[in-house]
Amino acid sequence: MRRHFLRDDDVTPAEQAEILDLAARLKADRFAASPLAGPKTVALIFDKPTLRTQTSFTVGVAELQGAPFLVDGTKAQIGTRESVPDVARIIGRQVAAIVWRTYAQSDLETMAEYAGVPVVNALTDDFHPCQILADLLTIAEHKGRLAGLTMTYVGDGANNMAHSYLLGGATAGMHVRIATPAAYQPDAGILADAARIAETTGGSVEVLTDTTAAAAGADVILTDTWVSMGQEDEKSARVEAFAGYTVDAALMAQAAPEAIFLHCLPAYRGYEVTSEVLDGPQSVVWDEAENRLHAQKAVLAWLLEKNKEGSDA
């Protein structure tokens, strides 16, 4: 069966560790792997605004000796001008892999069903699994391990980052806490999936409304924008709802003394995080941003190898 990376739990705990180990090796030697030599082409489709994702995937495909093919999703109008299955069949016959940053998770799953090549989730409304791999790589670099650490996310518990932290953190054997208002709870099905994974890895998942309790003794504090792409019309209501969920120095002081701070960026200073924290000594956000490159190269190389194994079987 063809392997894709559509959500964080598409890989087992052992496979996640394998990808993170490969990412660390590719960071140490950026040109150590060339699975796209030829060069083979990878379609990079962006329906949503992007900086880090476009840069890191474009550079990553090139460093794997492949050719990145950028597709402006606003012009391609996938699912409107042409159906997702038809686009998947057309592009899939011409490229080695497809990376798609889009809205609906269901559209991404349809692309994977019909493409005939590996498909990677570069962000949907429900999940952002490549970002979480970069975060886990960063945490492992600074903490030396993942299993057993407490990772607290403060902010919108119903967004894609919270969902991916639940699944990805549980897969890594971490204790994941989500601090969010009662009206912004994670999807119940995703929370249940994360709890089931945590039972097998020794981790745990917990959702709280009290930020101080959530941050208490945490090894890692993370946050994200309160207003995700497509939610601009809700900005005033969201700013009011998330008042009290800012990561500031007082909240960081509740965490473990050596705690680190991460943010997937872009950051809106004075809202979800203060400049004092973002620019402070506990912040590792620039390492985190760089690690998008290494984590995504590892995902592509790993998927191509796994699917090669599958075709050889």
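**Ground rules.** I number residues from 1 along each chain as its sequence is written. Because the model is predicted, I ask for pLDDT of at least 70 for local features and 80 or more for side-chain atom pairs, while totals for chains, interfaces and linings use all residues, and side-chain values rest on heavy atoms, with hydrogens and water left out.

**Cysteines.** I looked for disulfides, meaning pairs of cysteine sulfur atoms within 2.5 Å. The count is zero. Cys130 is in no disulfide, and the nearest cysteine sulfur, that of Cys264, is 13 Å away. Cys264 is likewise in no disulfide, with the sulfur of Cys130 nearest at 13 Å. I then checked burial (buried is under 20% relative accessible area, exposed over 50%, partly exposed in between, with a 1.4 Å probe on protein chains only). Cys130 is buried at 0%. Cys264 is buried at 7%.

**H6 and H7.** I take helices as DSSP runs (H or I, at least four residues; strands are E, at least two), numbered from the N terminus. Axes are lines fitted to C-alpha atoms, for helices over the stretch in contact, and angles run from 0 to 180 degrees between N-to-C directions. H6 spans residues 129-143 and H7 spans 160-171. They pack at about 55°, axes 9 Å apart. That makes H6 oblique to H7; under 35 degrees would be roughly parallel, over 145 roughly antiparallel, 65 to 115 roughly perpendicular, and the rest is oblique. I listed the contacts (heavy atoms within 4.5 Å). Pro129, Gln131, Ile132, Asp135 and Leu136 in H6 meet Met161, Ser164, Tyr165 and Gly168 in H7. By class I get five nonpolar, three polar and one charged. Here Ala, Val, Leu, Ile, Met, Phe, Trp, Tyr, Cys and Pro are nonpolar, Asp, Glu, Lys and Arg charged, and the others, Gly among them, polar.

**H1 and H6.** I turned to the other pair. The axes come within 10 Å and cross at roughly 70°. H1 is therefore roughly perpendicular to H6. From H1, Gln16, Ile19, Leu20, Ala23, Ala24 and Lys27 meet Leu133, Leu136, Leu137 and Glu141 of H6. This contact has seven nonpolar, one polar and two charged residues.

**Val11.** I found Val11 in the segment before H1 (13-28). Val11 is buried, at 6%. Leaving out residues up to four places away in sequence, Val11 touches Arg3, Phe5, Gln16, Ile19, Thr171 and Trp302. Val11 and Thr171 are 160 residues apart in sequence, yet 8.5 Å apart in space, C-alpha to C-alpha.
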